[in-house]
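Hi there,

Here is the structure I promised to pass on to you. Please have a look at it first, and then read on for what turned up in it.

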Amino acid sequence: MTLAALDSATLFGLCGAALAGIGLFVVIAHPGLLRRLVGFNILGAGIFMVFGAVARRGAAAGLPGDPVPQAMVITGIVVAFSASALAVALLRRLFDLTGRDSLEPPAAGKTPRAES
Amino acid sequence: MNLLLDLALVAWLVVLALHVARTGDDRNAIVAFIAFGLLLGLAWTRLGAIDVALTEAAIGGGITGLLLLRAEAHLRRGRQADGAPRQGGGAKTIVAALASAVVALGLGLAVLAFPSPAPTLAQPALAAIDATGLGNPVTAVLLAYRALDTLLEKVVVLLALLGVWALTPDNLWGGAPELKEANPPQPLLYLARTLPPFGVLIAVYMVWVGADAPGGTFQAGSILAAMWLLVMLAGLSPAPETRSRLLRLLLVGGPALFFAIGFLGFAVAGGFLAYPKPLAKALIVGIEAALTVAIALALGLLVAGPSNKAPAR
């Protein structure tokens, strides 16, 4: 495929695929839970963007895109935010109780902080 | 020219995402993520989805960014200064990178293999839009054709809020979350005094215009939530106690009204969430107004988190 044949829907679709990959990598590989949460949001953004490319390709009848996937993405963004907020609350509670912000085993020589 | 703009946007998005993956500092990563969210909003306008762009910029960039920054500040305050950045194991990182690359590659191939001509529901969505009295097909999908999705999503938001509240320590149950910084900086105080009138006006406009143009409940709700959070962060008005009956009624009110109208549909229009034709637009705008208040409260409280002050006697 030459660059000239690349329309913007395909371009953003590929971008979404790349973002999903990067987000997934952060979720798997990063030890810090907060960073994993950022990765989770990037992963979601990538998937939404692939879906946005689908919507854009469905442009018809004078609309700039297919409204059905667009509405689903709006719903998805709100649900992703709710999940993030719940995850942040869990993380803060975990941190308050144990003094850790990661699920990795603690490094040798460190004792968990006492509950405040 | 447009392709150049798209390429630049895509390049920035990927670079910022990579920066999030590589940087050692959490705050650094979160600031990059906020910029990422705003650019993502721009990308959505390039995809012809203005409604999504508004939602993404307000929620994805703005409110999620605030949520993450507050969490980071909390962790930073509590963490002993152990400066050493954590290292992931080498082999594990390589396996994770390979797995992620395979997923990205698969998704990319799927994008390239999209069927042509693309399947679309644009025509059916427009064909029935007169019956709803709406002019914005995205709002019609959200509140008429696929109203069940929107209704259940409201329930999900409430469930998430329940989950957050459930993490309150026993002795603080029913109290208020504390958002105020010890010493709010002057610019924050100034903004918290001047911005909310404009924000509220924009939100009301967005709900109203959302029937016919880009805008709607979510966008307006997130702007209202942002204004409320600004006021709470500056300490101009304390967060409400979570045991407050009025607060809980308002939270449940939007979805409850939605359910009530949905069940009314059985009686007057022959199905769950079916609207009687002459009243469709009035009912939809009414639902939107109630949902906007509920969404704004729920989003604000989700950011505020569980209560950390004992309830006043």
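Between domain 1 of chain B and domain 2 of chain B, the count of salt bridges is 0; a salt bridge here is a side-chain nitrogen of Lys or Arg within 4 Å of a carboxyl oxygen of Asp or Glu. Before going further, please note that this is a predicted model, in which local features need pLDDT of at least 70 and side-chain atom pairs count only at pLDDT 80 or more, while totals for chains, interfaces and linings use all residues. Residues are numbered from 1 along each chain as its sequence is written, chains are lettered from A and ligands numbered from 1 in the order in which they are written, and side-chain values use heavy atoms, with hydrogens and water left out.

Back to the two domains. Domain 1 of chain B covers 1–74 and domain 2 covers 123–313, with bounds that come from an automatic or database domain assignment. Their C-alpha centres are 23 Å apart. In contact (heavy atoms within 4.5 Å) are 10 residues of domain 1 of chain B and 19 residues of domain 2 of chain B. Together the two domains bury about 1,100 Å², and carbon and sulfur atoms give 71% of this; buried area is the accessible area (1.4 Å probe) that two parts lose on being put together, summed over both. On the domain 1 side, B:Asp51, B:Ile63 and B:Arg70 lose the most area to domain 2 of chain B, together 51% of what that side buries.

The rule does find 4 residue pairs in polar contact across this domain interface, both residues at pLDDT 80 or more. A polar contact is a pair of N or O atoms within 3.5 Å; within protein, one must be able to donate a hydrogen and the other to accept it, and residues adjacent in sequence count only if both atoms are side-chain atoms. The side of domain 1 of chain B that touches domain 2 has 7 nonpolar, 1 polar and 2 charged residues. In these classes, Ala, Val, Leu, Ile, Met, Phe, Trp, Tyr, Cys and Pro count as nonpolar, Asp, Glu, Lys and Arg as charged, and the others, Gly among them, as polar.

Now for the two chains. Chain A brings 75 residues to the contact and chain B brings 86. The area buried between chain A and chain B is about 7,300 Å², with 78% of it on carbon and sulfur atoms. Across this interface there is 1 salt bridge, and it pairs the side chains of A:Arg35 and B:Asp26 at 2.9 Å, N to O. The rule also gives 8 residue pairs in polar contact between chain A and chain B, both residues at pLDDT 80 or more. On the chain A side, H3(A) supplies the largest share, 23 residues. By class, that side of chain A has 50 nonpolar, 14 polar and 11 charged residues.

Over all chains, the count comes to 8 salt bridges. A:Arg35 lies in helix H2 of chain A and B:Asp26 in helix H2 of chain B, so this pair joins two chains.

One residue to look up is A:Leu24, in helix H1 of chain A. Leaving out residues up to four places away in sequence, A:Leu24 touches A:Leu43, B:Ser100 and B:Val103.

Finally, chain B has 12 helices and 0 strands; helices (H or I, at least four residues) and strands (E, at least two) are DSSP runs, numbered from the N terminus. Its mean pLDDT (the predictor's confidence in each residue, from 0 to 100) is 84, and 96% of its residues reach 70 or more.

Best wishes
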